[in-house]
Amino acid sequence: MLKDYFEVPNKPAIKSGNVLSCDFTDHETFIPQPLDFTRNTLATYVDCNGLIKVSGVSDTELVTNGDFATDSNWSKFGGATISEGKGNIIGDGSLFTNLTQANVFIVGKTYEITVDVTINSGLGLKFQDGITNANFGHATVSGVYTFYGVANNTSFVIGRRTGGTPFNSSVNNVSVKEVDLNVPRIDYLTEIGKAKELQKPSLLLEPQSTNLVLFSEDFSNSSWENISLTVDNVNLVTSPDGTKNAQKITAEAGNFRLIRPAVNIPGTSLTFSIFVKNVNADNFYLRTSVGFSYYNFATKTVSNPNLTATEFGNGWIRLSVRPPHNAYKQFGIGTNESTGGQSEIGNSVYVWGMQVESPSYTTSYIPTSGSTVTRNGETCINAGQLGVFPTIAEPDGTFYGEFKGLTDVYGQYSLMTINDNSSDNLIGFGFNNVGNRLWIRCKKSNATVIDDINQTYDVDKFQKVAIKFSPGSNSIYLNGNQIKSNTSNQAFNGDINQFDFNFHTTLHYFYGRVREIKLFRRALTDTELTELTNNIV
Amino acid sequence: MSIQIYKTNFADETTGKAALVAAGVWAEVTEEGVTQMVYTNGTQAVVDIGKIVKTPGTYDPDGKEITPPVYYPGWCYDVMTTDTLDFGSNEVYPTNPAHGFLGWPVTAEVPPTPPAEEEE
């Protein structure tokens, strides 16, 4: 039996390359049919347990005995050994010493490899399939590595990097998982702390963003400049992604206490953020244009509105400062880098996942390990089903959506519409390009029938918007209230033929969170519109 | 649909932006009073990397520059596309790339065209 309602997104309908299914259409409701979804990179999201996960990475482990618990499953060449829970690659450089596991990959597919590497001496290790030199990458210093690559052969090889030189290295916790770069994200960030039965996740669509720091999870790396903050990179704790890879920093005596990128990241219009979890400190600062913004762990308050604190699970908080801010992106324990940290000497905070990015607001976390890294913008467009859209002949309808902004200052339009592949006949809503205003509009024959582009919105709340369009009776409802109405008789001069998370064609993509989209093939009554958009719950 | 990643280096930002327009990678579009660069054809992403640091600058604890950084020549863009493009001498093949796409090897890029064999 078909449902008489639909919640977007519907998790089982999410799969690579499209969003939504047609399983839930009924006699009067058009549900956007599978949308063409593309991103072509990985992206992170928050799962129902509040943990940061990578969308598109399979749960299936493809390596057997990746923890080297037994001396099995790996073929050992050139003197490689397995002992004491490690794979050891030690030699004088004359042979290609390596550990190989057969039948790990499928040719042509993309994989994620994670591995703990210890380099005691020599030029490091390389990670590859059976025929392509270092096609996944190489490691020259000890650390936890994540590599990605496309397999050209079915075997997985971990070997010494360069011949002719003695080497002594080992690996542990080797993991290989298949990757799909076009899996949409159902995100639970707004649902953290809610009972599972009350959680209402949302489809998360974000713009392109690049994390400009080089090692976002390793603050002991030389890519960071550190003044009087000790980094414990041995006794790691569980981070927001659920693995033990977060480090503890401790304030030491001195005139200044700070960590910042060793190579300055130029620009004052960047946003930066970091995950923190308190050990025994009072405050944690991020430097901003107004001096320093800091978070007080006891009161759970921020010192000024430039700083945002978002709670994740297990005591973790993501602190974000919006631009403009001081040219140098630095953080530390205390209310500032100098006198404001003197009382914190000896105090500690766990840190993880710093991100410096160019959107004027913080986006989902982008991990880095050695270079800047980009998550592509997401496109989710081109849903259509003949006979369900309003037309010249059958012009009545109601378009409804429940959605939430990523920011209160977009700087560009962020829209979702039903349209005729132009802006002549178009009904939609989203966010205005000017700060903190919704954009709601119905156009027919390139003339505005009804609109409201000046409603302010609370960025912390989902908005419920409905546009009723019927010759002689048009109205806009927002969160249970009618905010506009008129009796325009303006007619379509073209048939609506698609739903897009953009304005039309390739313009003004919608970036935000979406819980539900509906297009009714009739003009709803005032009572129905009030009930539909009621935002009490 | 095959994805290609190109790493490019131009004399400066303006030259690079114009070259990418000429190559059909993106275009400047104005609609609803807003002008923006819109990806065209098979473009999936353009990343304005800018100057690449060769030698880091030094800074005092207050963030003030003591010695300026030294940069490699030129201005860099990375392009991800489904199109086959030819940036000529502006395409580069760094051995230690400054930028990657999440889920791709940092060295993922279209391999250089092998030099033509000399005729005897």
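Predicted model: local features only at pLDDT ≥ 70, side-chain atom pairs only at ≥ 80, totals over all residues.
1. Helices here are DSSP runs of H or I with at least four residues, numbered from the N terminus.

2. In chain B, α1 covers residues 13-22, and B:Asp12 caps its N-terminal end. A side-chain oxygen of B:Asp12 lies 3.3 Å from the backbone nitrogen of B:Thr14.

3. Next, the contact between the chains. Chain A puts in 42 residues and chain B puts in 32 residues. Together the two chains bury about 2,900 Å². Of that area, 54% is on carbon and sulfur atoms.

4. What is the count of salt bridges between chain A and chain B? The count is zero. Polar contacts are present: 11 residue pairs, both at pLDDT 80 or more, are counted between chain A and chain B.

5. Which elements of chain A give two or more residues to the side that touches chain B? They are β13 (143-150), β19 (224-227), β22 (258-261), β31 (372-375) and β36 (438-444). The residues on this side of chain A divide into 17 nonpolar, 19 polar and six charged.

6. β31(A) pairs across the contact with β10 of chain B, residues 99-101. Three bridges join these strands, which run parallel. Within this pairing, A:Val373 stands opposite B:Gly100 of β10(B).

Conventions
Residues numbered from 1 in each chain as written. Chains lettered and ligands numbered in written order. Heavy atoms only, no water. Contact = heavy atoms within 4.5 Å. Buried area = accessible area lost by both parts, 1.4 Å probe. Salt bridge = Lys/Arg side-chain N within 4 Å of Asp/Glu carboxyl O. Polar contact = N/O pair within 3.5 Å; in protein donor to acceptor, adjacent residues only side chain to side chain. Nonpolar A, V, L, I, M, F, W, Y, C, P; charged D, E, K, R; others polar. Pairing = 2+ DSSP bridges.
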